[in-house]
Amino acid sequence: EHRAPGIHASEVSGCERRIVYSLLNYPRSGGGTDNTWRKRFMMGTAVHEMLQGEFHKWAVRSKYCVTFQDEVTIAPHLQQMAAKWHIFSHCDGMFVVRNSWDGPALFRVLLEIKTMSPNEFKDLKAPKEEHIDQSHIYMACLDVPMIWLLYWNKGNQNTTGTDNPNFLVRFNQRRWSELEAKFERVHQAAALEKLPDREESVRCEFCAFSHHCQPTILNRVGNGQPRKWAL
């Protein structure tokens, strides 16, 4: 409910109307007030905190000069690219490798953690497109050329490790240019106070602006009965 007005990395894929609502500082609701979604988000938060804690311990124990920082802040007052597009976000983590503790950084890689159901995880061969978009915002703003997308199987605790190159995503300039074109569109729409067409999907169920947008998907369930939606 309390995100700053601007572009947020987790909201850039899919419906552009959501981004314009954020830029115009429309009031947010809790979004995803359905109890199932609340439980999913609670599980995701717990896994994030657990893994971030383990990476801090690993960095301390490592025989190499490695540091780990969690919840790396992205904001207009911190990075030039974030200022250009008015981006606010947090990246789950960043590893930094040095030759010596007081030496310059030799290598940096970001970390993004995602939790998945067992059925989703078993078919996962590469990162989801929306997560690649999200990751490119982190890489561009923090000027880091690579990110590890760590997917966590909520059923058996398996993960996508760094031994699988598909989940070590390198910065792609073409992808970033496509995102910047989207940012240009939504900023222009916000300046004109003109909402883009809605793009309905399952994301509407936990969109913080659904009470403004009123997508028809929220009124449907499998048996054709109206859904009781708490706003």
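**Reading the packing of a predicted model**

Tutor: Helix α1 is followed by Asn 25, whose phi is positive, near 60°. Please keep in mind throughout that this is a predicted model.

Student: Which residues of α1 are buried?

Tutor: α1 is mostly covered, with eight of its eight residues buried. They are Glu 16, Arg 17, Arg 18, Ile 19, Val 20, Tyr 21, Ser 22 and Leu 23. These buried residues pack against β1 (7-8), α6 and α7 (210-213).

Student: How is the packing of two helices described, and at what angle do α5 and α6 pack?

Tutor: Two packed helices are described by the angle between their axes and by the distance between those axes. Here α5 (residues 129-142) and α6 (residues 173-191) pack at an angle of about 90°, and their axes are 10 Å apart. Angles of 65 to 115 degrees count as roughly perpendicular, and α5 and α6 are therefore roughly perpendicular to each other. On the α5 side the contact is made by Glu 129, Ile 132, Asp 133, His 136, Ile 137 and Ala 140, and on the α6 side by Arg 175, Trp 176, Leu 179 and Phe 183. By class, this contact of α5 with α6 has six nonpolar, three charged and one polar residues.

Student: Which residues touch the most other members of the largest nonpolar core?

Tutor: In soluble globular proteins, nonpolar side chains tend to be buried together. The largest nonpolar core in this model has 37 residues, and Ile 7, Ile 87, Leu 110, Ile 137 and Phe 183 touch the most other members. Elements that each supply at least two residues of this core include α1, β3 (87-98), β4 (105-116) and α6. The element that gives the most is α5, with seven residues.

Student: What does Phe 183 touch?

Tutor: Leaving aside residues up to four places away in sequence, Phe 183 touches Ile 7, Val 12, Trp 85, Ile 87, Ile 137 and Trp 176. A second, separate core has 13 residues, among them Val 47, Leu 51, Phe 95 and Ile 113.

Student: How is a pair of aromatic rings described, and how many aromatic pairs are found in the whole structure?

Tutor: Such a pair is described by the distance of the centres and the angle of the planes. A search of the whole structure finds eleven aromatic pairs. One of them joins Trp 176 and Phe 183: this pair is edge-to-face, at 5.8 Å centre to centre with 75° between the planes.

Student: Are Trp 176 and Phe 183 buried or exposed?

Tutor: Buried means under 20% relative accessible area. Trp 176 counts as buried because its relative accessibility is 3%, and Phe 183 counts as buried because its value is 0%.

Conventions:
Residues numbered from 1 in each chain as written. Predicted model: local features only at pLDDT ≥ 70, side-chain atom pairs only at ≥ 80, totals over all residues. Heavy atoms only, no water. Axes fitted to C-alpha atoms, helices over the stretch in contact; angles between N-to-C directions. Helix = DSSP H or I, 4+ residues; strand = E, 2+ residues; numbered from the N terminus. Parallel < 35°, antiparallel > 145°, perpendicular 65-115°, else oblique. Contact = heavy atoms within 4.5 Å. Nonpolar A, V, L, I, M, F, W, Y, C, P; charged D, E, K, R; others polar. Core = buried A, V, L, I, M, F, W, Y, C linked by side-chain atoms within 4.5 Å. Buried < 20%, exposed > 50% of the residue type's maximum accessible area, 1.4 Å probe, protein only. Phe/Tyr/Trp six-rings, centres within 6.5 Å; stacked < 30°, edge-to-face > 60°.
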